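Please have the structure open while reading.

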Amino acid sequence: MNAEQFVTRQMGSEMVMVPLTDKVADMTSVLTLNEVGADILKILENPKTIEEMTENLFTLYDVDKATLEADIDDFLKTAIDKKVVEIINQERF
Amino acid sequence: MDVFLPGLRLNFKTFSSEIKLSSFGSSLYNHSLTEDYKSFEVSYSLSESINSTGFSRALSGESFPGAEIPYSWTIFRRDKEIAIQVIFDDDPQLKEVLGVIDFTKETILGTLVPRKGLENIIIDPLFQPFGSVLMVVLAHFQDDVLVHASGVLENGTGRLFTAVSGTGKSTMAGIWKNEGATLINDDRLWLRKVDGCWFMFNTPMPYYAQEPQMAPLNEIFLIRQSPENEVTKLTGINAAMRFMANGIQHFYDKEMTGRHLDRILDIASQIPIYDCGFRPTKEIVEEIRGLSG
């Protein structure tokens, strides 16, 4: 998770992220995450492989593995696109 | 000369006899609405040029296209000091202004560069746009929020109506006024927590003088004009972020942005926020009154 570039806060089970551009808050591009998104980002506070993430979330949610893997894939594509999550080791990704 | 803002007393002086302070928008703000306030000594002096050595630029902005007196502003930082610079394109009196706020000494030193050949400079203590940027900086400093909104008070209930410019803030406030409510302001509000509860205050406006007012903040409406009245309660982070979108916010570091988010989330956790499509007739007043009943 790219914590340096965002100000993050939790409200109930949801999360809000305000991006910083040159330290200036970009209030027009605020991201909000539901409970699942917030759970995924909490897991990514420390770098993880996709396998580690999947294992972690599998214990949290009553879901079959194929659905979970597809959902994680979708989430990561968006999160990487919005620079919320960084790939730090391409091979393991 | 004293001007009182929410939680603040600004004591204005001039160090140059050519500067005449003549309050207009701030003239009635000569008493405090709250028991506690912090005092700042504000002094204005004239100079031929501005010296911002040692300051680094944090944030800049400019007037909206078509502004009567176009200007640009910059906020600078140096250790614990904040400086506000305004450069006027075509003001009849002023070329440039630099105001340095020292939060430790509780002073604000304003240096004004006049147009050549002027014998006197006549300004409101909170002259535009310096006064407005100063209010944004001071409000943040004491963890308050400035928002583009109108506010009304009726039978002890304070209601805030927020929207982008030109979408009905004044219209909505006008309808409530006609129905007997007290107008707090129809354009900009200063939100401040007093004894654990949020209140809304008006602020000195550039073009008219108004008595200072305050009211409890009981309900927030995100308004838009609509063919039918439709009022829906919003919840969670969606409510908080839609409210935050209409804040007056200039944040240039992570700590500042975090503090602002904390107060917005605090407001959203204490005060109901509604999406409110409305037709500009008095029926919307009945509909909104019914929410709390």
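Predicted model: local features only at pLDDT ≥ 70, side-chain atom pairs only at ≥ 80, totals over all residues.

Chain B splits into domain 1 (2-141) and domain 2 (145-291), with bounds from an automatic or database domain assignment. Their centres, taken over C-alpha atoms, are 27 Å apart. Residues are numbered from 1 along each chain as its sequence is written, and chains are lettered from A in the order in which they are written. Local features need pLDDT of at least 70, side-chain atom pairs count only at pLDDT 80 or more, and totals for chains, interfaces and linings use all residues, while side-chain values use heavy atoms, without hydrogens and water.

**Extent of the interface**
- Domain 1 of chain B and domain 2 of chain B each bring 27 residues to the contact (heavy atoms within 4.5 Å).
- About 2600 Å² is buried between the two domains, 71% of it on carbon and sulfur atoms; buried area is the accessible area (1.4 Å probe) lost on putting two parts together, summed over both.
- B:P6, B:Y29 and B:H140 provide 27% of the area that domain 1 buries against domain 2, more than any other three residues.

- A salt bridge joins the side chains of B:D253 and B:R77, at 2.9 Å from N to O.

**The domain 1 side**
- β5 (56-62), β6 (71-78) and α1 (130-141) of chain B each supply at least two residues of the side touching domain 2; helices (H or I, at least four residues) and strands (E, at least two) are DSSP runs, numbered from the N terminus.
- α1(B) gives the most to that side, with 6 residues.

Key. Salt bridge = Lys/Arg side-chain N within 4 Å of Asp/Glu carboxyl O.
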